[in-house]
Protein chains: 2
Amino acid sequence: MSDISETNSEENIADIPSKPAKSSRPKRISDSTIHRLSRYLRLLGRLEADGVKTISSKELASIKRLTPAQVRKDLSFFGSFGTRGLGYPVSELKVKISGILGLDHRWRLAIVGVGNIGSALVGHKEFPERGFDIRLVFDNDQRKIGSKHKGLIVSDIKNLKEGLIAEKIDIVALAVPASVAQEITDVIVEAGVRGILTFAPIHLDTPERVFVRREDMTMELEYLTYALSSEDIKSINDIDLS
Amino acid sequence: MSDISETNSEENIADIPSKPAKSSRPKRISDSTIHRLSRYLRLLGRLEADGVKTISSKELASIKRLTPAQVRKDLSFFGSFGTRGLGYPVSELKVKISGILGLDHRWRLAIVGVGNIGSALVGHKEFPERGFDIRLVFDNDQRKIGSKHKGLIVSDIKNLKEGLIAEKIDIVALAVPASVAQEITDVIVEAGVRGILTFAPIHLDTPERVFVRREDMTMELEYLTYALSSEDIKSINDIDLS
DNA sequence: CGTTCTATGTGAAAGAGTTCACATAGCACT
DNA sequence: AGTGCTATGTGAACTCTTTCACATAGAACG
């Protein structure tokens, strides 16, 4: 049973907290720490390009609106990468974080569903730049199958399982309608893929060994509408009626 | 902590109970609670369509892999919507949550940037279905400006500020290169828009009254690569430690 | 109308994540 | 080599979130 899979705020991964703490486990790194590492990494890339050699936790934090302690704590979970009195060596830290995040080699992706979102993913330039190679693209629409889409030929979803296995796909980006997301997920899982990035706004049932992350724009929009609405309510309530 | 601007200006206001103790929104509600409300809402929509009249916290939780207590707690922050011994009335709860999230009226969106992601947003069918109307689309590419994009004419980004004001835009979805994201954000803020959903992987500097949410696919992919990599490492490490 | 049974609503406990605060490592400069 | 200075690394304190556990509201049925 993986402790990483037990994300707290999102239900992504199937998990029933049945087992008591297994012996002495490394230590569970929080969701948010990993996300922050991603963000440090990107910043470090820019700093390196700018020729910055060293950066302190304070500077790192101020750019991202975090506390220096947060930065140091995040990094300290994985080792001591800084020099006391000096700060962190930019290039070296970048390499270290890349390693932690598993970005020391390239990853093989497949996109399933070439609708609005799927197309955007296929053309997304950031992916190859950051180590993700899109190897396969699938759809069930006969008009799309066989056609070239930004340099990649769209495969028939009927061949999904075989394709994923043959191309040794690590991660699938799932951009299909919610109504078929679960059945396609089952095929992906059968093919042995253990990472899924889904855009379907439903819960996907997967075995424990499979990691699922959801990207949900509507949910984020709804967070905004909540925030905007309750602000308004607040200002109304702030007016003293007496 | 997420990027949502801090919303606690309540320290200023002394706790004078001049009004009926019908406190509107006393505590700060967590990020995760709001996200879960979004997800309950979607599930309730499906249940309602299926003719389900009543649902218990246990059922609600099992579908989403949460605990019943979590569901009840989330809802209890906003009131008592259920009936003891019975559960929650589906339609009624749906209306209540919609209200909490500010979804009792439609919201006016603008998309800035019609690249891969921007195009996907413009064509995204879920938005209108969920109360979000895309009113304006902007780009800086002369070849795109003036052309119709899924029924909407692309405006010149030079007219961003005026357009946002004229169309009373509530929320902007920002899908532009990171290099120009901050300057465009400044214009959006000047136009008085207080909600931004950004796809640029950088920190946006905004005044406190503006709410920013980030959608970051690469970050989620990196979470997956982290999880997949450390799984492998873990099986090696599982042997010793402390 | 009373009894039984079920699932809510909620304080309190437990568990996570963040911030504090400070001892200390290492650089710089004499 | 010694002194001063700065920023790391990290237990401990604190704060926020989740889970527990149970009293109790209301439905159902005789």
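In the predicted model, a side-chain N or O atom of R72(B) lies 2.7 Å from a base nitrogen of DNA strand C, a polar contact in the sense of a pair of N or O atoms within 3.5 Å (within protein, one atom must be able to donate a hydrogen and the other to accept it, and residues adjacent in sequence count only if both atoms are side-chain atoms). Local features require pLDDT of at least 70 and side-chain atom pairs pLDDT 80 or more, whereas totals for chains, interfaces and linings use all residues. Side-chain values use heavy atoms, without hydrogens and water; residues are numbered from 1 along each chain as its sequence is written, and chains are lettered from A and ligands numbered from 1 in the order in which they are written.

Two further contacts involve phosphate oxygens of DNA strand C: a polar side-chain atom of S57(B) is found at 2.5 Å, and a backbone N or O atom of G82(B) at 3.0 Å. DNA strand C is surrounded by 25 residues, the closest being R84(A), S57(B), R72(B), G85(B) and Y88(B); a residue is near the strand if one of its heavy atoms lies within 4 Å of it. Of the atoms of DNA strand C that come within 4 Å of the protein, 64% belong to sugar and phosphate. The surface near DNA strand C comprises five nonpolar, 13 polar and seven charged residues (nonpolar: Ala, Val, Leu, Ile, Met, Phe, Trp, Tyr, Cys and Pro; charged: Asp, Glu, Lys and Arg; polar: the others, Gly among them). Helix α3 (68-76) of chain A and α3 (68-76) of chain B each supply at least two residues of this surface, and α3(A) gives the most, with four. Helices (H or I, at least four residues) and strands (E, at least two) are DSSP runs numbered from the N terminus.

In chain A, six of the eight residues of strand β4 (residues 132-139) are buried, that is, under 20% relative accessible area (1.4 Å probe, protein chains only). Strand β3 (residues 107-112) of chain A runs parallel to β4(A) and is joined to it by six bridges; L109(A) has I134(A) as its bridge partner in β4(A). Three bridges join β4(A) to β6 (residues 152-156) of chain A, also in parallel, with D156(A) the partner of D139(A).

The largest cavity has a volume of about 100 Å³. Its lining includes I117, F199 and E215 of both chain A and chain B, and divides into ten nonpolar, no polar and two charged residues.

Definitions and conventions: Buried < 20%, exposed > 50% of the residue type's maximum accessible area, 1.4 Å probe, protein only. Pairing = 2+ DSSP bridges. 1 Å grid on protein atoms, 1.4 Å probe; cavity = no way out; pocket = protein on both sides within 12 Å on 5 of 7 lines; lining within 4 Å. Points joined across faces, edges and corners; volume = space filled by probe spheres on them.
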